[in-house]
Number of protein chains: 2
Amino acid sequence: MSDPLRLGIAGLGTVGVGVVRIIRQKAAQLEARTGRKIEISAVSARSQKDRGVPLDDYAWEDDPVKLATRDDVDVFVELMGGATGPAKDATEAALKAGKDVVTANKAMLAEHGQELALLAEGEDRVLRFEAAVAGGIPVIKALTEGLAGNDITRVMGVMNGSCNYILTRMENANLTYQEAFDEADGLGYLEADPELDVGGIDAAHKLALLAAISFGTQVKFDGVQLEGIGCVSIEDIHQAADMGYKIKLLGTAQMTGRGLVQSMTPCLVPATSPLGQLEGGTNMVVLEGDHVGQIVLRGAGAGEGPTASAVLSDIIDIARGLRLPTFGQPADTLKTAPSANSGTPAPYYLRMTLHDKPGALAKVATCLGDAGVSIHRMRQYDHLDDKAPVLIVTHTTSRDALDAALAKLPKTGVLASDPVALRIEEV
Amino acid sequence: MSDPLRLGIAGLGTVGVGVVRIIRQKAAQLEARTGRKIEISAVSARSQKDRGVPLDDYAWEDDPVKLATRDDVDVFVELMGGATGPAKDATEAALKAGKDVVTANKAMLAEHGQELALLAEGEDRVLRFEAAVAGGIPVIKALTEGLAGNDITRVMGVMNGSCNYILTRMENANLTYQEAFDEADGLGYLEADPELDVGGIDAAHKLALLAAISFGTQVKFDGVQLEGIGCVSIEDIHQAADMGYKIKLLGTAQMTGRGLVQSMTPCLVPATSPLGQLEGGTNMVVLEGDHVGQIVLRGAGAGEGPTASAVLSDIIDIARGLRLPTFGQPADTLKTAPSANSGTPAPYYLRMTLHDKPGALAKVATCLGDAGVSIHRMRQYDHLDDKAPVLIVTHTTSRDALDAALAKLPKTGVLASDPVALRIEEV
């Protein structure tokens, strides 16, 4: 029997408490599965309030950096959050002090992952982050280990449960975006800064991490083409449904000849596809490999139990002696790839309202045609006063051509509202 | 850089050729991901025919046992198949000679897994089998590693693509069982002995392996309650669809107070559930853990690429130094659990044809009632000549009570055909 593996846990929010709870409950199973006792030496949090789980057995540190560097800590478990500040300071201190690190911090890794991975590997330490992406779904492990014999050709995912909850509620209860947003907020589903959720930032952090692992590239969060769900109206959801689609905040990462495409934007996906059928707060990740084909993983993307389960899997790997580079291959071998943010060509859904003047529709069609965007379907409907809503589905086109057309549309003088443009992803 | 990892591959069918192909194609990536070269030293197969992949670089052995014990082999890759015979002989020889073993052989492990795991662990060797269950889906890894912080509460799966193809074709093309069977056979989807597929044996092998890993029990294939899809008629599929269900060959494993339930039988599942929506040859595994909740994994369950991808993931784990016990915890700590094969109580779908005599329906109802089986819905339909088809949906009942009722039904003298009884699983 090896020595116990001793943890220092910083951050005792929902996830931290969940991790403490599992380690207390399952001491015997964890020892049977890893061949080592897993123990908590010390904890740290902003306040010593009662959290419903006994903490008296553990040393207390106010300062997470002190916790991270304690002699009786083998693994620093960072559950504070924040891209910089105490989380990053303590992570760096832990690695430099020869500790392994397990974190659930997507923002820190998406923005400083390369730097931290280099530090970890330079110190011969591991830095693991299964809980940072898609909660309880073991997607990092699936990519770095289960599918390691493949070249990953594309990764897609619905990875923000709050956005999916809002979009699902809009459709199922016929709510406006604002009504569904308020409902989600009232239920505590949204971050203190809701833009992290509905602006797609949280999901984009996750996508950037998956892309780095999938394509052997340095994580590049600012390369993600980002659009939140605030532009989606109930009208769009109804129109999409009529055509057999659902609207999802969909992340896509793909390596192309022009560079790495990373996008996190509302998209239309077929209603009958696994992604289209995903309702409420559940997450889904779709992995495509050259040999394995398509693998779909689905599960809870947040919450105490699922996220703690993912943190535990990293701790268990370390206890078992599994030592992999942070992004699946050594950080100094990760390539930099140019961002190809115009994305891969796709059909687009366009909705706009026109002033009801003779020739208005023709002007829009001409504008699109001049930019090389060919129209698959076009429909004027629900004529209202002097405004005419128009729905257009394009043939497959580049985003550049579409943007050129959209830039010229206002000059026609026929637009009564800004156009909504959503990619159609035939997954 | 460590020494190369040298493989001996026995069996050059579809999967073996796929493994050779990936190792030749991806030498550089595999080295980047594992820090070691992965090389093939020698191969073995029944004949030296051309297989579309160059084999001249490798030594040839007619005898797999000789291959398995060669000095220049570190890992024996067993892709011959068969529960005993050369596959088992060579596996045992390899372990005793100090080689690690990777296999795709579900029959061998389901029937001799405990004995082989004990042998491997006694020799301090690893025996891995990701490819044996659900093809390219990394489900063994998800259970033993990704969800290792959980107590698994239930495992379910549709794990025989050929059966799911037949059932899907029956529904979508309105074919009889025999027509769909013949079509699948003509397409080469069925094993030489098709009973392995349609009799549920292949899928039951996989279920027994998942159960052992999930519940820390010794693998017990003969504890699986087994029923093939031959009893399912197009009539059942239509009746199920009318009630909002699909019929799937569903595996379920669950630890109960009465013991381990393992069943692989045709079941009704909600048409809108992930399992219900699974069409054609794809596999799906549903894992439920006490902390993570429900995780659904979906992907190709067979074929060269997906299965070779799974074999590679085991080889890569070994190259990276990951050394886990075969069933996730040491084989000598695996418990034996009694089989509780009456299963967990559930509602059942019953279909039978009665002779059209006064009081026939009452006799059936009485028979069920006497056994304690309560009827939720009962319907006589499509009256044909002097035969009356009857459809019954029971309230939740134990399988024992249902079997008692079914045993008494023939004595009523009103049955014109054997009843079909299918569990309804509200997944």
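B:Asn174 is partly exposed, having a relative accessible area of 49%; on this scale, buried means under 20% relative accessible area, exposed over 50% and partly exposed in between, with a 1.4 Å probe and protein chains only. The model is predicted, so that local features need pLDDT of at least 70 and side-chain atom pairs count only at pLDDT 80 or more, whereas totals for chains, interfaces and linings use all residues. Residues are numbered from 1 along each chain as its sequence is written, chains are lettered from A and ligands numbered from 1 in the order in which they are written, and side-chain values use heavy atoms, with hydrogens and water left out.

B:Asn174 is located in the loop between H7 and helix H8 (177-186) of chain B; helices (H or I, at least four residues) and strands (E, at least two) are DSSP runs numbered from the N terminus. Although B:Asn174 is a residue other than glycine, its phi is positive, near 55°. Most residues other than glycine have a negative phi. A positive phi, about 60°, also occurs at B:Asp124, which is not a glycine. B:Asp124 belongs to the loop between helix H5 (106-122) and strand E6 (127-128) of chain B. With a relative accessible area of 57%, B:Asp124 is exposed.

Helix H7 (residues 161-173) of chain B contains B:Thr168. This threonine, B:Thr168, counts as buried because its relative accessibility is 9%. Two polar contacts were computed for its side chain, a polar contact being a pair of N or O atoms within 3.5 Å; within protein, one atom must be able to donate a hydrogen and the other to accept it, and residues adjacent in sequence count only if both atoms are side-chain atoms. When neighbours within four places in sequence are left aside, B:Thr168 is in contact (heavy atoms within 4.5 Å) with B:Lys248, B:Leu278, B:Glu279 and B:Gly280.

Elsewhere in chain B, B:Tyr58 is placed in the loop between strand E2 (38-44) and strand E3 (59-60). B:Tyr58 is classed as buried because its relative accessibility is 12%. Its side chain and that of B:Arg24 are joined by a polar contact of 2.8 Å. B:Arg24 is also among the residues that B:Tyr58 touches, together with B:Val20, B:Ile40, B:Ser41, B:Ala42 and B:Val43, when residues up to four places away in sequence are not counted. Between B:Tyr58 and B:Ile166, the C-alpha to C-alpha distance is 40 Å and the separation in sequence is 108 residues.

Helix packing was also examined. Two packed helices are described by the angle between their axes and the distance between the axes. In chain B, the axes of helix H6 (residues 139-146) and helix H10 (residues 201-215) come within 10 Å and cross at roughly 10°; axes are lines fitted to C-alpha atoms, for helices over the stretch in contact, and angles run from 0 to 180 degrees between N-to-C directions. H6(B) and H10(B) are therefore roughly parallel to each other, given that angles under 35 degrees count as roughly parallel, over 145 as roughly antiparallel, 65 to 115 as roughly perpendicular and the rest as oblique. B:Val139, B:Ile140, B:Leu143 and B:Thr144 of H6(B) make the contact with B:Leu210, B:Ile213 and B:Ser214 of H10(B).

Chain A is divided into domain 1 (5-103), domain 2 (139-301) and domain 3 (348-424), with bounds from an automatic or database domain assignment. The centres of domain 1 and domain 3 of chain A, taken over C-alpha atoms, are separated by 54 Å.

In an unreviewed entry, UniProt lists A:Lys206 for "active site"; UniProt positions are given in the numbering used here, feature names are shortened, and annotations may be inferred rather than shown by experiment. A:Lys206 lies in helix H10 (residues 201-215) of chain A and counts as buried, at 6% relative accessibility. A polar contact of 3.0 Å connects its side chain with that of A:Asp202. Beyond four places in sequence, A:Lys206 touches A:Lys106, A:Ala132, A:Val133, A:Ala134, A:Met159 and A:Asn283.

A:Lys106 carries the UniProt feature "binding site" (unreviewed entry) and is part of helix H5 (residues 106-122) of chain A. Its contacts, leaving aside neighbours within four places in sequence, are with A:Ala132, A:Asp202, A:His205, A:Lys206 and A:Leu209. UniProt also places "binding site" (unreviewed entry) at A:Glu191, in the loop between helix H8 (177-186) and helix H9 (195-198) of chain A. A:Glu191 counts as partly exposed, at 38% relative accessibility, and is in contact with A:Leu196, A:Asp197 and A:Asp202, its neighbours within four places in sequence being left aside.
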